[in-house]
Amino acid sequence: MIRVLLLGGTTEASQMARALAEAGIDAVFSYAGRTATPITQPLQLRVGGFGGVAGLTDYLVREKISHVIDATHPFAAQMSRNAVDACALAHVPLIALERAPWRAEPGDNWQSVADVASAAAALPDAPARVFLAIGKQLLPAFAERPQHHYLLRLIDPPTHGLPMPDAVAVIARGPFTFEDDLALIKAHRITHIVAKNAGGMGARAKLDAARALNLPVILIDRPALPERHIARTVADAMKWLDHLALRGV
């Protein structure tokens with residue numbers, strides 16, 4: 001019996017969910033619960049955390065999960081680390097459906113930094129107009145640089161005041177087009193862009209727009225994760241699942 005736990009929250013996770021549903025595979029789609037209006041999925045849904053490694057291990061055993069597909073965001077590092085440890089303890093095969101990171105192309109003006117604190121420190125001292133495309137969890141680091149004007153793009157409207165004194169939020173869900181991001185950046189007279197190196201196509205448009213406008217981009221590197229099997233496409237993840245199922249794993 002195959003029963004898959006799909007750790008979701010990305011466009012690729014939604015694509016994976018459709019593939020599992022179309023194949024008639026018993027699967028549970030797990031959301032962290034950070035988005036108020038998650039996309040409807042064709043699988044059984046659970047929302048919320050597991051309670052660390054111990055809680056996830058217990059869930060895998062209790063729910064008779066046979067395989068885990070980690071399709072969380074590349075920056076959801078703690079969840080991915082917990083999945084590696086829990087799957088090892090429960091003896092459950094794990095694969096990560098992970099986007100390849102973005103690579104600079106001719107004409108890009110990128111500065112790679114290790115973390116969000118380094119990204120805030122890399123902004124100029126003089127007031128700038130910054131497109132802060134990093135989600136809402138990492139915003140407090142930029143409260144230390146209050147001289148800048150910040151443009152935020154969020155999935156949900158902020159429920160509390162923004163930590164920066166001069167900031168405006170645009171509420172939108174990707175994928176985004178080059179034309180839309182070019183117009184957004186021009187309309188807000190952006191001079192700098194800060195983003196996480198999430199990879200994929202759904203959020204790349206801002207980087208292409210930055211290249212077209214010759215704007216500097218501060219790109220936060222991905223966090224380090226334990227070694228694990230990686231699939232770059234839904235098709236590769238399905239092949240992995242089929243291969244293990246045929247072997248009776």
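Colleague: Is Glu227 buried or exposed?
Modeller: Glu227 counts as exposed, because its relative accessibility is 79% and the cut-off for exposed is over 50%. Keep in mind that this is a predicted model.

Colleague: Where is Glu227 found?
Modeller: Glu227 sits in the loop between S11 and S12.

Colleague: How far apart are Glu227 and Ile25 in space?
Modeller: They are 27 Å apart, C-alpha to C-alpha. In sequence, 202 residues separate Glu227 and Ile25.

Colleague: On to Arg228. Where is that one found?
Modeller: Arg228 is in the loop between strand S11 (217-220) and strand S12 (229-231).

Colleague: Buried or exposed?
Modeller: Arg228 is buried. Its relative accessible area is 17%, and buried means under 20%.

Colleague: What does Arg228 touch?
Modeller: Leaving out residues up to four places away in sequence, Arg228 touches Asp70, Ser80, Val84, Ala96 and Glu98. With Glu98 there is also a polar contact between the side chains, at 2.7 Å.

Colleague: Tell me about Glu98, then. Where does Glu98 lie?
Modeller: Glu98 lies in the loop between strand S5 (94-97) and strand S6 (110-113). Glu98 is buried, with a relative accessible area of 14%.

Colleague: Which residues does Glu98 touch?
Modeller: Arg222, Leu225, Arg228, Ile230, Ala231 and Arg232. That list leaves out residues up to four places away in sequence.

Colleague: Ile230 is in that list. Which strand is Ile230 found in?
Modeller: Strand S12. Ile230 counts as partly exposed, at 42% relative accessibility.

Colleague: And what does Ile230 touch?
Modeller: Ile95, Ala96 and Glu98, again not counting residues up to four places away in sequence. Ala96 and Glu98 are touched by Arg228 too.

Colleague: How far apart are Ile230 and Val28 in space?
Modeller: 20 Å, C-alpha to C-alpha. They are 202 residues apart in sequence.

Colleague: New topic: helix H2. Which residues of H2 are buried?
Modeller: H2 covers residues 52-62. Gly55, Leu56, Thr57, Tyr59 and Leu60 are buried there.

Colleague: Why would residues three or four places apart point the same way?
Modeller: Because an α-helix has 3.6 residues a turn.

Colleague: What happens just after H2?
Modeller: Lys64 takes a positive phi there, of about 55°.

Colleague: Now zoom out. How many helices and strands are in the protein chain?
Modeller: Seven helices and 12 strands. The radius of gyration is 19 Å, close to the 18 Å that the globule rule gives for 249 residues, so the chain is as compact as a globular protein of that length.

Colleague: What does the C-alpha trace span along its principal axes?
Modeller: About 60 × 35 × 30 Å.

Colleague: How much of the chain do buried residues make up?
Modeller: Buried residues make up 47% of the 249 residues.

Colleague: And which share of the contacts is between residues 24 or more positions apart?
Modeller: Among contacts with a separation of 6 or more, they account for 66%.

Colleague: Last one: charges. How many positive and negative charges are there?
Modeller: There are 25 positive and 23 negative charges. Their mean positions are 2 Å apart.

Notes. Residues are numbered from 1 along each chain as its sequence is written. This is a predicted model: local features need pLDDT of at least 70, side-chain atom pairs count only at pLDDT 80 or more; totals for chains, interfaces and linings use all residues. Side-chain values use heavy atoms; hydrogens and water are left out. Buried means under 20% relative accessible area, exposed over 50%, partly exposed in between (1.4 Å probe, protein chains only). Helices (H or I, at least four residues) and strands (E, at least two) are DSSP runs, numbered from the N terminus. A polar contact is a pair of N or O atoms within 3.5 Å; within protein, one must be able to donate a hydrogen and the other to accept it, and residues adjacent in sequence count only if both atoms are side-chain atoms. Contact means heavy atoms within 4.5 Å. The radius of gyration is taken over C-alpha atoms; the globule rule is 2.2 Å times the number of residues to the power 0.38. Lys and Arg count as positive and Asp and Glu as negative; His and the chain ends are not counted. The place of a charge is taken as NZ of Lys, CZ of Arg, CG of Asp or CD of Glu.
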